[in-house]
Amino acid sequence: MYVKICGLTDPGQVSAAVEAGADAVGLVMTRSPRRITTEKAAALAALVPAHVLTVGVFRGEDPETVRAAALASGVRAVQLHGRHPHGDFTALKDLGVRLVRAVDAEADLRCGAFDEDLLIVDAPHAGSGLPWEWAAVRGRPSGRWLLAGGLDPANVAGAIAEAEPWGVDVSSGVETSPGVKDPALIRAFMKAVRG
Ligand SMILES: O=C(O)c1ccccc1NCC(=O)[C@H](O)[C@H](O)COP(=O)(O)O
């Protein structure tokens, strides 16, 4: 089960996620309580070992803004959150990073439909920490997809059983407040996912 820990904001949080065994870490460079500057994203990305994917998270920015931030920060993937048009993914195809499409459950749930490498199926409000009806997507997404939205150490095993995703993505559920990850909650989340 692939695990992405999203919205990391300082070096200690990066270490906690990497040491706990996360496969990917998300650095939010769009409007959010977890937003960090491109410079800070570059500093954090430099701490991440090569086997862990660094994902720059964007929502609503145009492809050229995303391209500039991705190049400046050195992230190895970009996540376009929300209903970005297919053309935004096409415009970033030559960037040389993985493309991640994050959408709500009413969108096209075929991973690769927008030329992305990874699909995230999330709650309607990104980063809200609010659980939603995970079981409703069971069997609908295809390819490599992560379940997100309201997951935490206590509910993630049940959510996996309900939705049968390829992986999971969490932010609020491993925080003490928006942008402040708790290493103990990160470890508890990983243990709940992987046993
Ligand atoms: O986390 C944010 O604040 C955010 C803001 C704007 C766009 C995307 C954002 N997060 C993207 C993620 O991948 C989150 O991990 C995902 O929405 C799940 O969040 P949560 O329900 O808090 O676990």
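The model is predicted, with local features requiring pLDDT of at least 70 and side-chain atom pairs counting only at pLDDT 80 or more, while totals for chains, interfaces and linings use all residues. Residue numbers start from 1 along each chain as its sequence is written.

The chain contains 6 helices and 10 strands; helices (H or I, at least four residues) and strands (E, at least two) are DSSP runs, numbered from the N terminus. Its C-alpha trace spans about 40 × 35 × 25 Å along the principal axes. Of contacts between residues at least 6 apart in sequence, 54% join residues at least 24 apart, a contact being two C-beta atoms, placed from the backbone, within 7 Å.

Buried residues make up 46% of the 195 in the chain. Here a residue is buried if 20 or more other C-beta atoms lie within 10 Å of its own, exposed if 12 or fewer, and partly exposed in between, with C-beta atoms placed from the backbone. The largest nonpolar core holds 59 residues, of which Ile5, Ala17, Val25, Leu27, Val55 and Val78 touch the most other members; such a core is a set of buried Ala, Val, Leu, Ile, Met, Phe, Trp, Tyr and Cys residues joined through C-beta atoms within 7 Å. Leaving aside residues up to four places away in sequence, Val25 touches Ile5 and Val55, with Leu8, Val14 and Ala17 also among its contacts.

Strand 5 (residues 98-104) is mostly covered, with 5 of its 7 residues buried. Strand 4 (residues 77-81) pairs with strand 5 in the parallel sense over 5 bridges, pairing being called when DSSP finds at least two bridges between two strands. Ala102 in strand 5 is the bridge partner of His81.

Around the ligand lie 27 residues, and Cys6, Ser32, Gly127, Ser171 and Ser172 come nearest; a residue is near if its C-beta atom, placed from the backbone, lies within 6 Å. Strand 2 (24-28), strand 6 (118-122) and strand 8 (167-170) each give two or more residues to this shell.

Finally, Glu64 lies in helix 3 (residues 63-73). Glu64 is exposed because it has 10 other C-beta atoms within 10 Å. Its C-alpha is 9.3 Å from that of Asp88, 24 residues apart in sequence.
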